[in-house]
Amino acid sequence: FCLSYTLSPQSNAAAHRLDSLSMESVLEAFRVQQDPQARPEHIRDANLWLERFQSTTEAWTVADGLLSLPAEQVGNGSAHVFAAQTLRAKIQYDWAELPPQSHAALRDSLLAHAVRYSAGPQVVLTQLCLAVATLALHMEAWGQAVPELIGRFTSPPAEALAKLPCLLELLTVMPEEAENFKVAVMPRRRDEFRGLLRGAGPQVVALLGQVQEQCRGSSPLVQACLRCTASWLKAKSVPADCLMASPLVGLAFAALDDQTLFDEGVEMLVELVHFSKEADSHAQLVAGIMPPVLALGRRYDAAVQAGDEEVARALVRLFTETGEQCLHLLLTQQPEWLPRLAGR
């Protein structure tokens with residue numbers, strides 16, 4: 001990724017030297033921060049210098065270069081976190097600095113970095129994925145962002161599993177960034193981006209269903225799958241019929257029986273209840289989730305008797321959200337599952 005493609009060869013060489021000097025300055029600032037013998041005023045000056053550097057145009061290419069350095073060259077990895085956060089902030093606030101011809105190169109560089117950090121550190125991966133999502137919101141020319149990401153990260157098949165954590169993180173933050181109003185885009189573009197997400201909803205549901213079926217033995221991947229589903233439910237970017245035909249609803253209820261998945265399962269079910277509150281258009285979905293929600297009453301009783309406050313509070317939250325969202329349905333209709341409420 002390079003911003004200097006329009007410069008003369010002499011200017012390009014000068015820009016490269018400047019970037020090299022700037023990168024060394026960034027690394028030196030981190031060495032000062034990490035030096036146990038450094039004086040407080042020197043650490044403060046290093047922090048201020050790094051903050052100022054993030055607002056410069058050199059920060060684009062220097063941050064990109066820092067992410068390419070191996071961990072042993074950047075100390076404890078703080079420089080990688082700084083670089084990922086810098087690129088995300090630059091895309092969010094300084095997008096206008098980039099010439100349009102550089103957008104695709106930046107996207108490809110970010111995706112290459114994301115793959116490189118797919119196994120962690122998680123904070124670097126998350127910041128890179130947020131940067132990609134923000135770029136997708138800005139970049140109107142990238143009209144098929146989600147299908148292209150799925151295609152890129154699921155091929156070749158031999159590499160798909162290794163890249164799956166990165167893909168799930170990207171898909172999780174995409175709908176979230178659509179509602180990030182710190183990103184200065186026109187309302188028309190934001191609405192267009194939401195529409196693009198809705199158009200990709202069936203493909204995302206199909207992918208998450210496959211992940212759930214094939215990765216049941218991996219708690220981290222199942223957790224990521226539940227979080228991703230909750231994100232798309234919250235954005236209302238998935239069709240109800242596709243959701244009902246997938247194994248994802250069953251996965252959320254099954255997660256409540258697994259201590260490592262419980263929190264993610266509850267979160268997804270809460271978003272599912274919010275998603276299905278329009279009973280007229282989601283009648284089949286409501287009928288599919290209400291009986292198992294009501295059946296959780298016995299699980300709540302057991303948690304109270306065992307003194308498990310965390311489980312009890314989480315289930316109370318689910319019951320409360322369900323009651324609030326489905327109150328109109330309970331008062332005005334007589335669905336076939338309603339008698340179970342009285343017979344609990």
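**Figure 1. Lining of the largest cavity in the predicted model.** The largest cavity is lined by V204, V205, L208, T229, W232, L233, V238, L243 and L248, where a cavity is a set of points, on a 1 Å grid over the protein atoms alone, at which a 1.4 Å probe fits but cannot get out, and a lining residue has an atom within 4 Å of a point. Two or more residues of this lining are given by helix 9 (187–214) and by helix 10 (219–234); helices here are DSSP runs of H or I of at least four residues, and strands are runs of E of at least two, numbered from the N terminus. The lining residues divide into eight nonpolar, one polar and no charged, with Ala, Val, Leu, Ile, Met, Phe, Trp, Tyr, Cys and Pro counted as nonpolar, Asp, Glu, Lys and Arg as charged, and the others, Gly among them, as polar. The volume of the largest cavity is about 40 Å³, a volume being the space filled by probe spheres set on grid points that are joined across faces, edges and corners. By this rule, the count of cavities of 30 Å³ or more comes to one. The structure is a predicted model, in which local features need pLDDT of at least 70 and side-chain atom pairs count only at pLDDT 80 or more, while totals for chains, interfaces and linings use all residues. Residues are numbered from 1 along each chain as its sequence is written, and side-chain values use heavy atoms, with hydrogens and water left out.

**Figure 2. The largest nonpolar core and the surroundings of L66.** The largest nonpolar core holds 105 residues, and L66, L110 and M174 are those with the most contacts inside it; such a core is a set of buried Ala, Val, Leu, Ile, Met, Phe, Trp, Tyr and Cys residues joined through side-chain atoms within 4.5 Å. Helix 6 (residues 122–138) supplies the largest share of this core, namely 11 residues. When neighbours within four places in sequence are left aside, L66 is in contact (heavy atoms within 4.5 Å) with M23, V26, L27, A79, H80, F82 and A83. Across the chain of 344 residues, 47% count as buried, a label that means under 20% relative accessible area, with exposed meaning over 50% and partly exposed in between (1.4 Å probe, protein chains only).

**Figure 3. Salt bridge between R88 and E177.** The side chains of R88 and E177 meet in a salt bridge at 3.6 Å, N to O, the term requiring a side-chain nitrogen of Lys or Arg within 4 Å of a carboxyl oxygen of Asp or Glu. This pair links distant parts of the chain, with R88 in helix 4 (residues 78–93) and E177 in helix 8 (residues 157–178), 89 residues apart. E177 counts as buried, at 4% relative accessibility. The structure as a whole holds 18 salt bridges.

Figure 4. R188 forms a salt bridge with E140, and their closest N and O atoms are 3.0 Å apart. The two residues come from distant parts of the chain, R188 lying in helix 9 and E140 in the loop between helix 6 and helix 7 (145–153), 48 residues apart. R188 is partly exposed, with a relative accessible area of 49%, and E140 is also partly exposed, at 43%. In the second pair, E179 forms a salt bridge with R194, with the closest N and O atoms 2.8 Å apart. E179 counts as partly exposed at 38% relative accessibility, and R194 is partly exposed with a relative accessible area of 22%.

Figure 5. H113 is found in helix 5 (residues 103–116) and counts as buried at 2% relative accessibility. Apart from neighbours within four places in sequence, H113 is in contact with D64, L67, S68 and L128. H138, which is found in helix 6, is buried with a relative accessible area of 12%. Not counting residues up to four places away in sequence, H138 touches I91, Q92, W95, V183, A184, V185 and R189.

**Figure 6. Q34 and N76.** Q34 has its place in helix 1 (residues 9–34) and counts as partly exposed at 33% relative accessibility. The C-alpha atoms of Q34 and N76 are separated by 8.5 Å, although the two residues are 42 residues apart along the chain.

Definitions and conventions. On a 1 Å grid over the protein atoms alone, a cavity is a set of points where a 1.4 Å probe fits but cannot get out, and a pocket is an open set with protein on both sides within 12 Å along at least five of seven lines; lining residues have an atom within 4 Å of a point.
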